[in-house]
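Visitor: I would like to learn how to read the contacts and sheets of a model such as this one. Could we go through it feature by feature?

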Amino acid sequence: MALIEQSLNRRYSLYVHEELDELSESFTITDPSISGHPIVFASLGFLKMSGYSKEEVIGKNGRVFQGPRTNRRSVMEIREAIREERPIQISLLNYRKDGTPFWMLFHMSPVFSKDDGSVIHFVGVQVPISPKPRRSRSGVGRNGVNLCEDGSRMRGDIVFGSCRREVCSDSLVELGPVLDLESVLDSDSRGLDIEETCEASDLEKQRAANAIENISSLLTRYSEITGRLVCERRCSLPGAGVLSSSLIISLGRIKQSFVLTDPHLPDMPIVYASDAFLRLTGYARREVLGHNCRFLSGEDTDPSTLSKMKESIRVEQACTVRILNYRKDKSSFWNYLHISPVRNASGKIAYFVGVQIEEGCKDQVRHGLSPEMRQLGAVGAVRVAVRSLSIGAGPSMS
Amino acid sequence: MNMVTVKQVEDDTLVSKVATHEQLKCPRFCLQGIRIPLYQFSSQCLLDNSPFEGLPCIPEEEQSILDSLLLAQWEDRVWKGVLRYDVTTSEIKVICGQRKFLAQLNEEWGINYMPKHEEKKICSQGDLPAFKWTKHHEELLFCVASGEMLKPELIPSAAVPDGAVLIIINEIPVEYGHVFLVPCGSDSFYRVLDARSLEMVARVAVEINNCSFRMFYDCPAAGTSHLYFQACYFPSPLPVEFTPVDTFFRDGRRGMCISCVTDYPIKTLLFESNQKVKIMVEVLVEICSCLQEKSIPYNLLISDCGKKMFLFLQLQKLSNSRTLSAWECGGYFLFKSTSEFDQATEEAMLKKLSDVSLDDEGFEVVKQLCCSIADKFSG
């Protein structure tokens with residue numbers, strides 16, 4: 001228990017408790033360095049929402065809020081996010097003390113030590129989702145298997161219910177209608193239905209992201225006083241650590257505008273963005289890494305184009321589309337976008353590459369290479385670079 | 001262990017068709033009316049005394065034009081469905097052991113593709129050769145030729161000039177970007193390895209300037225009448241490239257040295273040059289022609305953006321055995337079934353290589369030959 005009490009005090013000045021109590025949001029702070037990954041702080045909002053007292057919550061693992069309709073896939077995703085020390089935003093079904101379930105948008109984000117980049121805490125924000133049952137759409141993954149039996153046997157760290165995957169770990173959702181690229185990982189769970197679905201609105205997602213922002217900056221502030229600084233992002237560029245330096249060097253030789261996204265991470269975040277992409281879109285690298293490409297879409301982006309892209313990603317095929325995209329300054333441009341899965345030396349899809357050509361530049365022939373040729377040349381070079389990732393030894397993994 | 005053979009690759013390709021049909025031996029005629037991208041080397045050539053590295057037209061930190069061109073054309077044909085399969089779905093692994101031999105599981109490659117029916121008909125009727133070329137136009141990616149400009153130049157659409165090297169896609173690739181490089185003379189394809197052809201393809205390697213790019217040459221089997229090279233992008237250096245060498249000839253003035261690769265199961269020589277590729281190429285070609293006279297089968301592997309050329313020396317083959325391909329000599333093996341792939345062992349690969357290797361005595365003779373030829377050119 002002493003460890004749990006000290007968890008916050010070690011990093012932040014004593015007044016941090018009072019400041020955290022002032023916040024109206026429902027959230028918890030957990031410490032992954034203590035065995036069992038316990039809750040070390042629960043906000044008043046959280047206690048009110050869950051019906052538990054502070055004493056009943058502190059020291060417990062988040063799994064105490066699990067219920068019979070707990071979703072195995074969501075549990076796995078949250079566990080993966082914890083393991084990979086990255087943020088996750090996911091709709092979940094939680095249970096109050098009195099046993100009544102409620103939908104909420106769970107947004108969890110790590111807090112890093114500024115010194116060595118290790119994870120100090122995870123902040124988990126719960127935003128209640130106003131119920132709005134509706135039919136599921138194609139590609140929406142839900143895993144509604146009856147978990148009454150499974151749930152009790154689960155050994156997960158955190159077990160929550162999930163109504164649907166709608167992961168969005170970025171703060172750029174205000175850019176209007178979003179490109180709804182559900183992870184391809186979900187396709188296998190379609191058809192397994194439960195009685196209702198729910199999806200967080202953009203407003204709710206924004207609220208969750210804002211809450212994380214507030215709490216993190218408060219923690220950062222209170223760590224300054226102790227000198228044991230924490231920060232929201234690992235000191236290296238977020239997402240950049242995912243790629244090996246040799247791959248980054250190879251990719252750096254490709255001068256076209258392109259991004260790599262990782263289909264194995266929730267919401268298919270960007271894990272590499274070329275300099276030309278940043279010039280084209282006006283964003284800084286840290287603003288795009290870790291985020292889904294949907295921030296490029298805007299209100300006049302054709303939804304049918306987005307669904308075409310989504311479909312080609314689902315079936316793991318290449319496609320070329322002409323899509324209206326938006327820069328950071330909200331100006332729009334027509335983008336001849338080529339998307340293709342890219343495989344590693346194991347023959348498995350490691351990333352998707354998206355190579356952009358701005359329409360106005362379409363006729364610019366450089367060194368005899370048309371923009372389309374340069375686009376395909378970039379795709380090929382990315383394939384060569386990604387296939388050159390470390391080759392596994394020993395027997396086949398397939 | 002059933003190793004797939006190179007023969008199958010050649011069976012249904014443009015190159016072999018070209019070679020097996022008399023009408024097609026005249027590319028000048030056959031290529032008439034065909035316009036493809038033409039990459040012209042700069043006049044600043046590898047012949048003179050300029051250092052090998054730092055051709056000013058090839059920026060180090062950027063993808064080169066030739067690399068973009070080859071990859072773009074390859075991707076374009078992937079799009080158009082020219083290839084029989086997506087080779088990047090094939091798994092590559094390191095075979096357990098010190099040598100780090102590479103194994104690729106490629107179930108498609110082993111399949112003996114049936115020639116397309118209609119093509120066969122046309123061939124048997126000995127129909128218009130020009131039609132064949134048009135038919136295979138999609139396999140023709142582009143060509144490279146020498147030029148007069150100070151910088152290399154890419155002409156998006158041009159007739160194939162005399163003395164060009166045709167870059168033709170291999171629709172049954174062993175790895176990404178697999179192409180044939182076919183030098184064509186003014187009236188026919190070449191039959192034997194000549195210095196000009198080797199220099200042209202070495203220059204392709206230099207100007208592609210991609211460290212994943214490897215080129216291969218297998219000395220022609222009896223009955224083969226055309227000269228061609230192969231190339232592709234490998235995900236990692238081949239095991240032979242990691243193996244230590246013992247340099248026995250060094251011409252400091254001309255920046256060339258010849259080494260034997262030590263402790264490698266197949267007898268291998270390494271030619272390196274940091275300038276004057278012309279000399280290295282001329283020495284190598286003369287050595288190769290001597291080997292051919294002596295009926296010593298050999299292969300070439302060009303790596304490190306053209307700076308390194310490996311010469312693998314095989315045993316004069318028995319009637320039934322086949323020679324290994326250059327990538328096999330380099331330590332890269334293809335398997336057509338999962339069980340073979342899973343069961344591949346370093347011992348088996350070592351044996352495979354050592355079984356075809358030239359013996360110690362023969363190797364000494366070749367080394368002496370190298371020294372005397374290199375001395376002659378250095379003089």
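Visitor: How many salt bridges are counted between chain B and chain A?

Guide: Side chains of opposite charge can pair when their charged atoms come close. In this predicted model, the count between chain B and chain A is three. One pair in a salt bridge is B:Asp86 with A:Arg343, with an N to O distance of 3.8 Å.

Visitor: Which elements of chain B supply at least two residues each to the side that touches chain A?

Guide: They are helix 4 (65–79), strand 2 (91–94), strand 3 (102–105), strand 5 (153–159) and helix 11 (338–343) of chain B. Helix 4 of chain B gives the most, with nine residues. By residue class, the side of chain B that touches chain A divides into 17 nonpolar, eleven polar and ten charged.

Visitor: What is the area buried between chain B and chain A, and how many residues does the contact take from each chain?

Guide: The buried area is about 2900 Å², and carbon and sulfur atoms give 59% of it. Chain B puts 38 residues into the contact and chain A puts in 35 residues. Eleven residue pairs are in polar contact across the interface of chain B and chain A, counting pairs with both residues at pLDDT 80 or more.

Visitor: Now the sheets. In what order do the five strands of the open sheet in chain A lie?

Guide: Strands of a sheet pair through backbone hydrogen bonds, either parallel or antiparallel. The order in chain A is 8-7-11-10-9, and the pairing is antiparallel.

Visitor: Why is one side of strand 8 and of strand 9 of chain A left without a neighbour in the sheet?

Guide: Strand 8 (270–273) and strand 9 (319–326) of chain A are at the edges and have a single partner strand each, so one side of each lacks a neighbour in the sheet. From one strand to the next, the twist averages 30°.

Visitor: How many bridges pair strand 10 with strand 11 of chain A?

Guide: Nine bridges pair strand 10 (residues 332–343) with strand 11 (residues 349–358) of chain A, in the antiparallel sense. To locate one of them, take A:Ile339, whose bridge partner in strand 11 of chain A is A:Gly354.

Visitor: Which helix of chain A lies across strand 9, strand 10 and strand 11?

Guide: That is helix 11 (residues 303–314) of chain A, running at about 135° to strand 9 of chain A. Helix 12 (residues 371–387) of chain A also packs on the sheet, where it touches strand 7 (257–261), strand 10 and strand 11 of chain A. The direction of helix 12 makes about 35° with that of strand 10 of chain A.

Visitor: What is the strand order in the open sheet of chain B?

Guide: Twelve strands lie in the order 5-1-4-6-7-9-8-13-14-12-11-10, with mixed pairing. Strand 5 and strand 10 (245–251) of chain B stand at the edges. The twist averages 25° from one strand to the next. Strand 11 (residues 256–261) and strand 12 (residues 268–273) of chain B run antiparallel and are joined by five bridges; in strand 12, B:Phe271 is the bridge partner of B:Ile258.

Visitor: Where do A:Glu358 and A:Arg327 sit?

Guide: A:Glu358 is in strand 11 of chain A, while A:Arg327 is in the loop between strand 9 and strand 10 of chain A, 31 residues apart. Their side chains meet in a salt bridge of 2.7 Å, N to O. Over all chains, the structure holds 23 salt bridges.

Terms used
Residues are numbered from 1 along each chain as its sequence is written. Chains are lettered from A and ligands numbered from 1 in the order in which they are written. This is a predicted model: local features need pLDDT of at least 70, side-chain atom pairs count only at pLDDT 80 or more; totals for chains, interfaces and linings use all residues. Side-chain values use heavy atoms; hydrogens and water are left out. Contact means heavy atoms within 4.5 Å. Buried area is the accessible area (1.4 Å probe) that two parts lose on being put together, summed over both. A salt bridge is a side-chain nitrogen of Lys or Arg within 4 Å of a carboxyl oxygen of Asp or Glu. A polar contact is a pair of N or O atoms within 3.5 Å; within protein, one must be able to donate a hydrogen and the other to accept it, and residues adjacent in sequence count only if both atoms are side-chain atoms. Helices (H or I, at least four residues) and strands (E, at least two) are DSSP runs, numbered from the N terminus. Ala, Val, Leu, Ile, Met, Phe, Trp, Tyr, Cys and Pro count as nonpolar, Asp, Glu, Lys and Arg as charged, and the others, Gly among them, as polar. Two strands pair if DSSP finds at least two bridges between them. Axes are lines fitted to C-alpha atoms, for helices over the stretch in contact, and angles run from 0 to 180 degrees between N-to-C directions.
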